[in-house]
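Subject: Structure handover

Hi,

Here is the structure for your files. My notes follow below it.

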Amino acid sequence: PMYKLSLYPTDDFVKSYSTTNPMNATITALSIIVFISILFLVYDYFVRREFLERHQLLEAKRRFIRFVSHEVRTPLNAVLMGLNIIEAEMEADEDRGDGRYTDRLLLLREVQNSTESAVDVLNDVLLYDKIESSLKLEVSMVHVWHVVERTLSEFKRPAQRQGVHLRTTFETSTTDGDCPYDVGLRVSSVTDLPEDVQFLCVAGDASRIAQVLRNLLSNALKFTPEDGSILVTASYHMTSMDEERRVKWKGSSSWVEKIELHNKQEVLATPRGHFQLTVQDTGVGMSPDEIIKLFGEGVQFNAHALQAGKGSGLGLFIAKGLVNQHNGTLEATSEGLDKGATFTLKLPLYHVPDLSSESDEHQETSTSVSDLEKSNNDETPSCAEDRDLRLLVVDDHPSNRKLLCRLLESKGHQCDMAENGQVALEMVRDTMWGSSEGDEALEPYDCILMDYEMPVMNGPTASSLIRELGCDVFIIGITGNVLSEDGA
């Protein structure tokens, strides 16, 4: 038999679960939805406003940085360049019988030192902003030994003037029995190191590594008194900075790293120990508490007594940040006040087979305006001194053009000047096809030094049009701009 069961709600069930006003429930639900929507819109409004304010603040900050770099640092660099030229000409002057010569030269150097201090502070402030916003390195395989030797040569004359004894040694310092080199090999020149050691590379930015070295050396000079000494030791250590990834010379190694360079090229490199640079001075030294705070932002110890109020206190903070980006370490030790200090820099080294056979002359390096200025005091001859070059200097500031041309002409080069990109373009065209008046083509330029921001036509536009003419002349940017989007 089939049974059918029907269930009906009782009066009590209906009374408990029904409402006499369904409209109120609907309105309440809609009200909650509307309230949440309004709350979300208000939240979105304030978030967008805060984002806009931050964006405007960032833009204002960037405009200020660009202004400081272009309108303040550039004129100071021109002043410093002019002082360097005057100093070089005075030192070359054979007529030194006038008793006022020495006084004038000393006064010139005082002005020069003050200008250098102002430029250094500006550079630190501008680079600090880059470090804060994650500075992007132009990574290449850097022959670090040659970078060290070139950088050290910049400080020979300043050390002599200050009466500080600056000594440099290069070592293959290791206790590893498998090392194919003499234990404790010590030489005075990079070229005396074993060839395989010379061509070990650091994966990093050559200009930033040189900047760290300059910071360490300038600090040592700053805090070392007359008749003091500075010992710089660059050494190769076979052990890896990370013992778990230690690689030996003998036998094959399966550990290979893939390194991406700034030009998007990838190279396979084998870790081969690490490079160590120690800068040991006999200066004022530091207490244990000072060492703990040493690498902080804006840290200066007794600035007025020790630095005459100079410096930004950002140099070591920036150096530490740059070293960290290179996967290295930077440490400081001191036995106490008036007992000197020792700074130790360590960077991992790599062996790249494709680079080992190449000469260091073909190494790709970054060059800045400050590097060009410092090279004026470098005693090491450069490849540009092998022959006189015909150069075109393009800059809208007359003082910059004249000073740069005078500096280059003092090295034996021939210089032409152009006040903007349009004039430069016409001058390059004349070297290719002759002028519109029917003159024959002139001797082509070997290199063009091009400013970025100029009236009529800026540097990047002029450079592009020069390339469209089919001219492959080497073009170097000499801008004071520091922001990444300013790159051409």
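Start with strand β10. Arg390, Leu392 and Val394 point one way from β10, and Leu391 and Val393 the other way; all are buried (under 20% relative accessible area, 1.4 Å probe, protein chains only). Because five of the five residues of β10 (residues 390-394) are buried, this strand is largely enclosed by the rest of the structure. Strands here are DSSP E runs of at least two residues, and helices are H or I runs of at least four, numbered from the N terminus.

The basis: this is a predicted model, where local features need pLDDT of at least 70 and side-chain atom pairs count only at pLDDT 80 or more, while totals for chains, interfaces and linings use all residues. Residues are numbered from 1 along each chain as its sequence is written, and side-chain values use heavy atoms, without hydrogens and water.

Next, the neighbours of β10. Strand β11 (residues 414-418) pairs with β10 in the parallel sense over five bridges; pairing takes at least two DSSP bridges. Val394 has Ala418 of β11 as its bridge partner. Strand β12 (residues 447-450) also runs parallel to β10, joined by four bridges. There, Leu391 is partnered by Cys447.

Now the helices. α7 (residues 206-223) packs with α10 (residues 315-325) at about 145 degrees, axes 10 Å apart. Axes are lines fitted to C-alpha atoms over the stretch in contact, and angles run from 0 to 180 degrees between N-to-C directions. In the contact (heavy atoms within 4.5 Å), residues of α7 including Arg208 and Leu216 meet residues of α10, among them Ala319 and Leu322.

Best wishes

Methods. Buried < 20%, exposed > 50% of the residue type's maximum accessible area, 1.4 Å probe, protein only.
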